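The sequence and structure come before the details.

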Amino acid sequence: MSMSETRSGPSPKSWIAAIAPYVPGKASSDDGRPVVKLSANENPLGTGAAAREAFAHASANLATYPDPGAAIVREAIARVHDLDPARVIYGTGSDELLHIAASAYAGPGDEILYVRYGFSVYDIAARRVGATPVIAPDSDYGTDVDALLGCVTERTRVVFLANPNNPTGTMTPRAEIARLHAALPADVLLVIDQAYAEYLDADEDDGGLELARTAPNVLVTRTFSKIHGLAAERIGWGYASAEIVGALHRIRAPFNLTTAGQAAAAAAIGDSAWIEASRAHNSRWRQWFCDEIASMGNHGLSFVPSSANFVLLLFDGRLTAEAAYQGLMRGGYATRWLPGQGLPNALRITIGTEVQMRDVARMLRELAEAG
Ligand SMILES: *Cc1c(COP(=O)(O)O)cnc(C)c1O
């Protein structure tokens, strides 16, 4: 048989072949120019000094495996949030936790439920394990608890809910989360994905961690990728019952947090001044940017009220979301246009520095007025 003869290789499972790959936020234009990245909800202020110093120190020991139990991370998290360190689970990004939650509790024939315009990883996590993704209708781009509950069947095994939600920025209040949890069957795992929780004011807390402390079927996930400014190190954590955490430990990767990542995360979560400065910056410039967009309403621009570090803009005038996306890219800014997520008239823009937000607002106004 000649080497050039075509032979058929292994076939991926049908449910794997059906996955639409995750689309990461762009960091360069289509012709390869570097651009400012307002497309991945990273912290525009960077990483706090305490985390950077801890990270640099860790370079002294690269030859040995990291602590598989991530003790310094679990203990730091437990101290800050008043949790049991034994019940803190950790992952290579909260992404790993979303995947292993789906793997542990669902498989072929089961259903995994989430809301329309939910986080794009939920679809991949469901399909990856051969489960059937079920999408509940939204309400004004946000989570509709009654619609979610209306989609629960005896095959439902996992419900994913991002709060605040990405890409819409919408927030489901505490009473609605409590109502959802109370109405779900006890054998359905409710995953409350709090990737943006640190951006909330104290009175906006959705009660997820409180539920995870006491309920047998709630997993809260958090990340060091957003407010903590450690996206490069891929660190997520979660909290749930000892039984759920035990199941997740069985299938997480053996050394899933690096030594430097553990050191940086433990320092970052204790750096309350950095967290507070990042939150204050975000609140101020998110408000300023939304006021600017509101003043472009005559051109058909509007926004979905956001509780996170990004805003979803809607384009219903002559200027389309696609043209705005391309215009901002020409001007040096990558944002997230979302036709693949059923939002062809929307752009998700991360709140950047003051200079960046002023620049983006000015360009959007020029594009709208020229349109
Ligand atoms: C960014 C984000 C995550 C975090 O992902 P990591 O893997 O921890 O970087 C999780 N959920 C949502 C909704 C997000 O937007």
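Helices and strands here are DSSP runs numbered from the N terminus, with at least four residues (H or I) for a helix and at least two (E) for a strand. The model is predicted. With those runs as reference, Tyr-141 is found in the loop between strand 4 and helix 6 (145-150).

**Ligand site**

- The ligand is surrounded by 13 residues, and the closest are Ser-94, Tyr-196, Thr-223, Ser-225 and Lys-226.
- By residue class, this shell divides into four nonpolar, five polar and four charged residues.
- Helix 4 (residues 93-105) supplies the largest share of the shell, three residues.
- From the side chain of Arg-234, an N or O atom is 2.7 Å from an oxygen atom of the ligand.
- The ligand taken alone exposes 390 Å², of which the protein buries 93%.

- An open sheet is formed by seven strands in the order 2-8-7-6-5-3-4, with mixed pairing.
- Its edge strands, each pairing on one side only, are strand 2 (88-92) and strand 4 (132-136).
- From one strand to the next, the twist averages 25°.
- Within this sheet, strand 5 (residues 156-162) pairs with strand 6 (residues 189-193) in the parallel sense over five bridges.
- Val-159 has Leu-190 in strand 6 as its bridge partner.
- Helix 5 (residues 121-128) packs on the sheet and touches strand 3 (111-115), strand 4, strand 5 and strand 6. The direction of helix 5 makes about 160° with that of strand 5.

- Another open sheet has four strands in the order 9-10-13-12, and the pairing is antiparallel.
- Strand 9 (301-304) and strand 12 (336-338) are the edge strands, each pairing on one side only.
- On average, neighbouring strands of this sheet are turned by 30° against each other, direction ignored.
- Strand 9 and strand 10 (residues 310-315) run antiparallel and are joined by four bridges.
- The bridge partner of Val-304 is Leu-312 in strand 10.
- Helix 12 (residues 321-330) packs on the sheet, where it touches strand 10, strand 12 and strand 13 (343-350). The direction of helix 12 makes about 35° with that of strand 13.

**Backbone geometry**

- As background, most residues other than glycine have a negative phi, and most peptide bonds are trans.
- The peptide bond from Asn-163 to Pro-164 is cis, with omega near -5°. Pro-164 has its place in the loop between strand 5 and helix 7 (174-183).
- The peptide bond from Asn-166 to Pro-167 is also cis, with omega near 20°. Pro-167 lies in the loop between strand 5 and helix 7.
- Tyr-141, in the loop between strand 4 and helix 6, has a positive phi near 75°.
- Arg-234 has a positive phi near 60° and lies in the loop between strand 7 (218-223) and strand 8 (235-239). The side chain of Arg-234 also provides the N or O atom placed 2.7 Å from an oxygen atom of the ligand.

Notes: Residues are numbered from 1 along each chain as its sequence is written. This is a predicted model: local features need pLDDT of at least 70, side-chain atom pairs count only at pLDDT 80 or more; totals for chains, interfaces and linings use all residues. Side-chain values use heavy atoms; hydrogens and water are left out. A residue is near a molecule or strand if one of its heavy atoms lies within 4 Å of it. A polar contact is a pair of N or O atoms within 3.5 Å; within protein, one must be able to donate a hydrogen and the other to accept it, and residues adjacent in sequence count only if both atoms are side-chain atoms. Accessible areas come from the Shrake-Rupley method with a 1.4 Å probe; for residues, only the protein chains shown count as cover. Ala, Val, Leu, Ile, Met, Phe, Trp, Tyr, Cys and Pro count as nonpolar, Asp, Glu, Lys and Arg as charged, and the others, Gly among them, as polar. Two strands pair if DSSP finds at least two bridges between them. Axes are lines fitted to C-alpha atoms, for helices over the stretch in contact, and angles run from 0 to 180 degrees between N-to-C directions. Contact means heavy atoms within 4.5 Å.
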